[in-house]
Amino acid sequence: MADQIEEGGIGRSRRSVLASGGLVLAAAVGVPIGSADEHEDAFTEDEILTLFEIVIEDEGVEVAELEVEEEETLGTEILSFDYYPLGPTEDEIIEEMGYVTGAFAEAVNMGLEVERLEATALDIAGEPISEWYVETEWAEEYNAGETTANELALETMMTLEMIDE
């Protein structure tokens, strides 16, 4: 099915993959999704990025670089995320996109202020094999309940570009 991700012969919905990334990040700080505004203490950018990295690496995705950068052409800040995927195939990268997108949505919910997340999957030699992004606006709409996990996952998957060698 189009909304199933195969993993070891067991189908997992995009919704469960996307949600798991956000739920793990929320659980790591003891804050349910959607309640960061109600939390007594504001999270710093460094705390959010540290938790984001921990969550992603707990899913087996090795982070090569994670930093907030100035986007020169637009004059805005972006979250630049380079990583080594579990595998080089499009299907493997799509599954990881769900975890990262869910974690990014929760990072936005916790107060991360960037225009978007720009992700680059790298091969073993550190060369890009795919690029994709998530707009913060999409994450905010998801957090507000205006879009579903499936809609957010589909928007994100539509940005995926595999890089041919």
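Q: Where does Glu-113 lie?

A: Welcome! Glu-113 lies in the loop between α3 and β5 (116-122). A word on the ground rules: this is a predicted model, in which local features need pLDDT of at least 70 and side-chain atom pairs count only at pLDDT 80 or more, while totals for chains, interfaces and linings use all residues. Residues are numbered from 1 along each chain as its sequence is written, and side-chain values use heavy atoms, with hydrogens and water left out.

Q: What elements does the protein chain have?

A: Helices (H or I, at least four residues) and strands (E, at least two) are DSSP runs, numbered from the N terminus. Here the protein chain has five helices and seven strands. Their order from the N terminus is β-β-α-α-β-β-α-β-β-α-α-β.

Q: Is Glu-113 buried or exposed?

A: Buried means under 20% relative accessible area, exposed over 50%, and partly exposed in between (1.4 Å probe, protein chains only). With a relative accessible area of 66%, Glu-113 is exposed. Of the 165 residues of the protein chain, 47% count as buried.

Q: Which residues gather in the patch of negative charge?

A: A patch is made of residues with over 30% relative accessible area and no salt bridge, with like charges joined within 9 Å. Asp and Glu count as negative, and the place of a charge is CG of Asp or CD of Glu. On this surface, the negative patch gathers Glu-45, Asp-46, Glu-47, Glu-70, Glu-72, Glu-77 and Glu-113. Helix α2 (residues 45-58) gives the largest share, three residues. Glu-72 sits in the loop between β3 (62-71) and β4 (76-84), and is exposed at 76% relative accessible area.

Q: How many salt bridges are there?

A: A salt bridge is a side-chain nitrogen of Lys or Arg within 4 Å of a carboxyl oxygen of Asp or Glu. By this rule there is one: the side chains of Arg-116 and Glu-118 meet at 2.6 Å, N to O. Arg-116 counts as buried, at 10% relative accessibility, whereas Glu-118 counts as partly exposed, at 26%.

Q: What span does helix α3 reach?

A: The expected span of a helix is 1.5 Å times one less than its number of residues. Helix α3 (residues 90-109) has 20 residues and reaches 28 Å from its first C-alpha to its last, close to the expected 28 Å. In α3, 17 of the 20 residues are buried, so this helix is largely enclosed by the rest of the structure. After α3 comes Gly-111, with a positive phi near 120°.

Key:
Patch = residues over 30% accessible without salt bridge, like charges linked within 9 Å, V, L, I, M, F, W, Y side chains within 5 Å. Areas by Shrake-Rupley, 256 points an atom, 1.4 Å probe, with all protein chains shown as cover.
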